[in-house]
Amino acid sequence: MNARPQVIPQLHDGLRAGLEAVSAAVLVHDGERLVFANDAMLRLLGCTAADLPALAPDAWAAPAQQDQLRDYGRRCLDSEGALPAIEIEAISISGTCRHLEITARRVAGEPGGAPLVLLTCQDLSDMRHVQNSLLEVGRVMYQIVENGPVASYVIDSQHRITHWNAACAQLTSRSASLMLGSDEAWRAFYLAAQPTLAELIVDGKVEAEGHLHYGQALHRSPLLEDSYAYEGYFPQLGREGRWLQVTAAPLRGIDGQVMGAIETLQDVTTRHQAEEQLRRHQAELESMVAQRTAELRLTHQELEAFLENASVGIIATRELQIARSNKKFAEILELPADLPVSEMPLRRFFLDDGDFHELGQLATQALRAGTSLAHEMWLQTWTGRRIWVQLIAYASTPTDGTPGMWWLLQDHSEVMRAQEELVNNYRNIQETNARLEEAQNQLLQSEKMASIGQLAAGVAHEINNPIGFVNSNLGTLRRYVEQLLALTLAYARRERDPADAELAALKQAADLDFIAEDLPALLADSEEGLSRVRKIVQDLKDFSRVDHADWQDADLNQGLESTLNVVMNEVKYRADVKRAYGPLPPVRCLAGQLNQVFMNLIVNAAHAMPAERRGTITLSTGVEAQDGRDWAWIEVGDDGCGMTPEVQRRIFEPFYTTKPVGQGTGLGLSMSFSIVQKHGGRIEVQSAPGEGTRFRVWVPIAGPASSR
């Protein structure tokens, strides 16, 4: 059995036409289905008329309000009159939410049909937006007033305080709960009753009474229309009082009438303190400026006096023209007393154009670089006399901006003459030094000759001994040889007659057995003597170094030993020699001269021995690093008589000697000191009377710089 089709109720044409003409949004349903929606409602829902049959009567409401809307429609169908309006949030097809005020009324559909629900909708969205905006603005304004950093309060037309923000409570130390509703705002600021600026604005008495209470400090504020402001000191605020910038403005209603006033109080104490401090500083600065001005004036006067009375000539030039000068300049250049500065041509003071242009170029370069110039040259005075002048110039920029130069002039003619004398004296000194060097060389040669003479006696003695026994041995050897030759000849003549009495006598006289024994000994002694002579000659050669007169690397241990052998005749009868040679690298030196030093020290050590006992001379060598350089040292020590401090201070003086007259020249140690200095070294002395003496010679292993 087929189901009967569902019949959708319809509006009669008259009602439909009327609802179409209504500008308000209108919706009709029968409790189950939407029957009709005019164009305004369709726009509100965002759908078309063809979409209506598919929508439930409550489908367009917010989900939380669909049940409410459904019940509202059913109650309407059950009642005769209009129901109270309700508010519903409508959700369009696009999802837009609108706030609607809905009024329901039951209406008749087609004749004989079921009743329908007529919903009239008024869109409250814009009104609700405005309300919310006003509420939000009100909350923001309240927060601005309440939480603003500037103290402020509001009074109504009856002077009652309606707002008292936190900053105002903090400033006055009076809470909002104490002040709100009170009409005595003055108690927070004054000791006695007087109207506040806000109260005068509310009463309209600012122009009439304002200056009576606030004096000339009261003025119109440019910030707001009909607002006033003043700055005042409130001694009762805080421990030391506060300076406040007070501004008050009226609050008007919609009709423009004054309904109250707002007063703001900005703490400007810090600014006032800064202004006060600034005024003190300004006064101090003005005093300082006055003091500095007086000091500058005094300095200017002193500078003028200094320039005028300076001991050097001073001029200022611009574009090679003299702008000013002092008395000393006129004195140096011998200027006429009545000659104006402007008539002093610079060119006149120069000997020629070349000097003038050269100084001009130097001055221009210094002026451009902003540096000083120092120069010396010949000038001529006004009278034509030549003078040697030292010039010192400094660039300057006067107040008019034209660059110039300050010049300091000193007459160094006497200095120039003194320099010429010094040059001449220097030449004379050089010549004298050359003669002294020649004399020193002659003295050195004389000392060397004296040493050689002394050595000659020792060498003669040393050579005489081996020569003596070599000569004696040769005489004996001659007799041996003559006897052997005679015997040999006799043997030759009488070889066949062994009974010859002459041959037997010769053989007995020759004593062949003794000759055979003594002859090798004689030859050996002679060879030893000749070796000693050869060694003495070699030591003399090593000592003198005649074949090594230039700087070279030498073995100082060998040189010391050779020197000892040469002077052994001076030593062996007075002292024993102990050697403590350390390994020495080759030393850059003049070996012959250092041997001369060693000889002087060894001979002096031998002569220092007392006559009543035999002494000991110790020769030591070694290497040591000092000041980043390697040094070789040679030490000659003795246990002789020693020296007093007074003698030690003079031992290196030329011609000073402690030996008897005729036994010393006094040049040995002096020449030794000079030789060691020439090698870039030094001599150290340790001595005490009765304890002996130690001389230590230090020379750089690499030699002095001049030897390389």
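**View 1. Strands β10 and β11 pair in the antiparallel sense over 9 bridges.** Helices (H or I, at least four residues) and strands (E, at least two) are DSSP runs, numbered from the N terminus. Two strands pair if DSSP finds at least two bridges between them. This is a predicted model, in which local features need pLDDT of at least 70, side-chain atom pairs count only at pLDDT 80 or more, and totals for chains, interfaces and linings use all residues. Residues are numbered from 1 along each chain as its sequence is written, and side-chain values use heavy atoms, with hydrogens and water left out. Leu251 has Gly260 of β11 as its bridge partner. The hairpin of β10 and β11 has 5 residues between the strands. There, Gly256 takes a positive phi near 85°. On β10, antiparallel pairing also links β9, over 7 bridges. Gly232 has its bridge partner, Leu244, in β10.

**View 2. Helix α9 covers residues 269–309.** At 1.5 Å a residue, its 41 residues should span 60 Å. The expected span is 1.5 Å times one less than the number of residues. The end C-alpha atoms of α9 are 58 Å apart, which agrees. Thr269, His272 and Leu307 of α9 are buried. Buried means under 20% relative accessible area, exposed over 50%, and partly exposed in between (1.4 Å probe, protein chains only). The cover over the buried residues of α9 includes β9 (228–234), β10 (242–252) and β11 (258–267). It also includes β12 (313–318), β13 (321–325) and β16 (404–411).

**View 3. An open sheet runs in the order β13-β12-β16-β15-β14.** Its 5 strands pair antiparallel. The edge strands are β13 and β14 (373–380), each pairing on one side only. Neighbouring strands are turned by 35° against each other on average, direction ignored. Axes are lines fitted to C-alpha atoms, for helices over the stretch in contact, and angles run from 0 to 180 degrees between N-to-C directions. β14 pairs with β15 (residues 386–396) in the antiparallel sense, over 8 bridges. Ala374 stands opposite Ile392 in β15. Helix α11 (residues 353–369) packs on this sheet and touches β14, β15 and β16. Its direction makes about 160° with that of β14. Contact means heavy atoms within 4.5 Å.

**View 4. Another open sheet has the order β2-β1-β5-β4-β3.** It has 5 strands with antiparallel pairing. β2 (34–37) and β3 (86–91) are the edge strands, and each pairs on one side only. From one strand to the next, the twist averages 35°. Strand β1 (residues 25–29) runs antiparallel to β2, joined by 3 bridges. The bridge partner of His29 in β2 is Leu34. Helix α1 (residues 13–21) lies across β1, β2, β4 (97–108) and β5 (115–123). It runs at about 50° to β2. Helix α3 (residues 66–78) packs on the sheet too, touching β1, β3, β4 and β5. The direction of α3 makes about 20° with that of β4.

**View 5. The largest nonpolar core holds 38 residues.** Such a core is a set of buried Ala, Val, Leu, Ile, Met, Phe, Trp, Tyr and Cys residues joined through side-chain atoms within 4.5 Å. Leu556, Ile602 and Ile617 touch the most other members. Elements giving two or more residues include α15 (556–566), β20 (615–626) and β21 (629–638). The largest share, 10 residues, comes from α17. Beyond its neighbours within four places in sequence, Ile602 is in contact with residues including Leu560, Leu564, Ile617 and Val636. A second, separate core of 32 residues includes Ala188, Phe189, Val202 and Phe234.

**View 6. Ser670 sits in helix α19.** Ser670 counts as buried because its relative accessibility is 8%. Leaving aside neighbours within four places in sequence, Ser670 is in contact with Ile651, Phe652, Glu653 and Pro654. Other buried residues of α19 include Gly668, Leu669 and Met671. Just after α19, Gly680 takes a positive phi of about 75°.

**View 7. Over residues 1–6, pLDDT stays under 50.** pLDDT is the predictor's confidence in each residue, from 0 to 100. For this stretch the model has 1 contact beyond four places in sequence. Where pLDDT is low, the predicted coordinates should not be read in detail. The protein chain averages a pLDDT of 82, and 85% of the residues score at least 70.
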